[in-house]
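Please consult the sequence and the model shown below.

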Amino acid sequence: MPAKKLKEYLDSHNIHYETISHSMAFNAQRVAATTHIPGKEMAKTVVVKIDGEMSMAVLPASFKIDLDQLKIATGARLVELASEMEFKSRFPDCEPGAMPPFGNLYDMRVYVAHSLSEDKMIAFNAGTHIELIRMAYRDFDRLVHPTVLKFSKRPMAHHA
């Protein structure tokens with residue numbers, strides 16, 4: 001079970017969390033609706049390369065990552081999305097695209113979007129697409145020590 005490593009880690013730090021299982025949903029928004037988790041608490045993890053170094057960018061699932069903003073915020077010369085081929089081997093215990101935002105368990109820096117850091121709770125994939133972990137944001141912050149920056153933007157509303 002991919003979430004085992006993460007749960008053992010959380011348990012060893014006496015963290016209160018809940019595990020939510022759901023059917024194979026199509027995207028984070030749909031999952032949020034199915035599990036009754038507010039969309040803004042639902043986090044997605046995007047693997048980026050910041051001057052060639054693999055890092056995690058964690059943002060509300062309903063938002064889009066702004067690579068230019070992230071570049072300015074980190075002072076990097078180059079920020080780009082990492083391809084699945086490039087980072088798959090870093091997460092041998094996870095399904096593609098379901099990595100939990102615990103970069104500290106995968107030797108990666110973690111950048112959290114300011115918009116997510118304002119939430120009391122945070123929910124995220126626990127290594128699979130059918131299981132979520134929901135916990136207090138402050139516990140996540142204490143364990144992961146992410147750098148909070150502004151790099152997310154609301155998707156533009158489509159005009160009819």
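Which side chain meets that of Lys 7 in a salt bridge? In this predicted model, the partner of Lys 7 is Glu 131, with 3.0 Å from N to O. The two belong to distant parts of the chain: Lys 7 is in helix α1 (residues 3-12), Glu 131 is in strand β8 (residues 131-136), and 124 residues separate them. Glu 131 is buried, since its relative accessible area is 6%.

The structure holds eight salt bridges, including those tabulated here.

| Salt bridge | N to O distance |
|---|---|
| Lys 7 – Glu 131 | 3.0 Å |
| Arg 134 – Glu 41 | 3.0 Å |
| Lys 49 – Glu 80 | 3.7 Å |

Strand β8 also contains Arg 134, whereas Glu 41 is in the loop between α2 (28-35) and β2 (43-50); their pair therefore ties together parts 93 residues apart in sequence. Arg 134 is buried at 19% relative accessible area, which falls under the 20% limit for that class. Glu 41 is likewise buried, at 10%.

The pair of Lys 49 in strand β2 and Glu 80 in strand β5 (residues 79-81) ties together parts 31 residues apart in sequence. Lys 49 is buried, with a relative accessible area of 15%, while Glu 80 is partly exposed at 31%. Through shared partners, salt bridges join Glu 18, Glu 41 and Arg 134 into one network.

Away from these pairs, Met 85 lies in helix α4 (residues 84-87) and is exposed, with a relative accessible area of 67%. Its C-alpha is 9.9 Å from that of Pro 96, a residue 11 positions away in sequence.

Key:
Residues numbered from 1 in each chain as written. Predicted model: local features only at pLDDT ≥ 70, side-chain atom pairs only at ≥ 80, totals over all residues. Heavy atoms only, no water. Helix = DSSP H or I, 4+ residues; strand = E, 2+ residues; numbered from the N terminus. Buried < 20%, exposed > 50% of the residue type's maximum accessible area, 1.4 Å probe, protein only. Salt bridge = Lys/Arg side-chain N within 4 Å of Asp/Glu carboxyl O.
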